[in-house]
Amino acid sequence: MTHKIVAYKMLPPDVEAYLREHAEVLNVDPRDEATFIEALKEANGAIGASIRITPAMIEGAKNLKALSTISVGFDQFDVEDLTRRGIILTHTPDVLTESTADTVFALILASARRVVELAEWVKQGNWNASIGEAQFGVDVQGKTLGIVGLGRIGGAVARRAALGFRMNVLYTNRSPNEQAEKEYGAKRVELDELLAQSDFVCLQVPLTPETHGLIGANELKKMKRSAILINASRGPTVDEAALIEALKNGTIRGAGLDVFEQEPLPADSPLLAMNNVVALPHIGSATHETRHAMARNAAENLVGALDGTLTQNIVNREVLKR
Ligand code: 8YV
């Protein structure tokens, strides 16, 4: 029997063609929630990203066997509920690691050297004489980078920092990362020590109940006044109101942010009025090459999950044991 798949995000033409070789594909705009829920009722699988899929939305989806998210993060799903229902959830780690680490480094450099602020300053016609201290930034090379969560992306950030910029790398993680310790000299410490020692604090954790609000007013106070916070993980890992206060009061020097509590970031967010903030529109993995690789990876994951041949990229392996 041919599989029925709902695609709730635009896919590159070759990826869509690949799916059509293996399944009947129905393209649905998930903003039309009623149509999306109806389509899921008939589907064996679904592929897409960027919207929350709640238990209520799949309540009537009795034939649904697999969901494939075109992302590494899976905080848009209730994984326990999917496992109870016997639905496999797949994601796309690995293919986006390097471009996301590049985004993190872009934020580090842009924040430290005030790249965005000063480029704007030039465009506004302010460069009328040699620049002076008012335009100076701070060094990146040789400084201490604290990585909160040293998984795949954190590891790729650590490599850039240690080998490219000769930075000292501190990290927190549930378990030691031996490769990062050996190859990049990374040192595992408690969060409090990381916050106190680091010139750049970089969040690389997934969003879970444990990491929600991980960095709040207390943690920001523990950072150096000269430190910069970098977040390209998920907005809610940081208490945004507390961050805004800390940036206003000079509790920390600045922030480089690719993610926010609410996305798109509301136009009236105080963050947008601050010179010491670099705000990006969640571009972590957003290159042509990487987004294509993610879509391809997600399509292969879905077909493999429906055929029963998939062995990797499965979030809830427990389903397979049932
Ligand atoms: C995008 C991401 O949000 O992979 C992730 O977890 O945050 C991003 O790559 C998006 O889901 C890509 O479609």
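View 1. Helices here are DSSP runs of H or I with at least four residues, strands are runs of E with at least two, and both are numbered from the N terminus. An unreviewed UniProt entry lists residues 105-284 as "domain: D-isomer specific 2-hydroxyacid dehydrogenase NAD-binding"; UniProt positions follow the numbering used here, feature names are shortened, and such annotations may be inferred rather than shown by experiment. Keep in mind that this is a predicted model, where local features need pLDDT of at least 70 and side-chain atom pairs count only at pLDDT 80 or more, while totals for chains, interfaces and linings use all residues. Residues are numbered from 1 along each chain as its sequence is written, and side-chain values use heavy atoms, with hydrogens and water left out.

**View 2. Who surrounds the ligand.** The shell is made up of K9, A49, I70, S71, V72, G73, L96, R234, H282, S285, R291 and M294, counting residues with a heavy atom within 4 Å of the ligand. Sort them by type and you get 5 nonpolar, 4 polar and 3 charged. In this scheme Ala, Val, Leu, Ile, Met, Phe, Trp, Tyr, Cys and Pro count as nonpolar, Asp, Glu, Lys and Arg as charged, and the others, Gly among them, as polar.

View 3. R234 puts a polar side-chain atom 2.7 Å from a ligand oxygen, and H282 has one 2.8 Å from a ligand oxygen. On its own the ligand has 330 Å² of accessible area, and the protein covers 89% of that (Shrake-Rupley method, 1.4 Å probe).

**View 4. A cis peptide bond at P264.** The bond from E263 to P264 is cis, with omega near -5 degrees. You'll find P264 in the loop between β11 (254-257) and β12 (277-279).

View 5. R166 isn't a glycine, yet its phi is positive, about 50 degrees. This residue belongs to the loop between α6 (152-165) and β7 (168-172), and R166 is exposed at 71% relative accessible area. N313, also not a glycine, has a positive phi of about 60 degrees. Its loop runs between α11 (288-307) and α12 (318-321), but N313 is buried at 11%. Buried means under 20% relative accessible area and exposed means over 50% (1.4 Å probe, protein chains only).

Technical notes. Polar contact = N/O pair within 3.5 Å; in protein donor to acceptor, adjacent residues only side chain to side chain.
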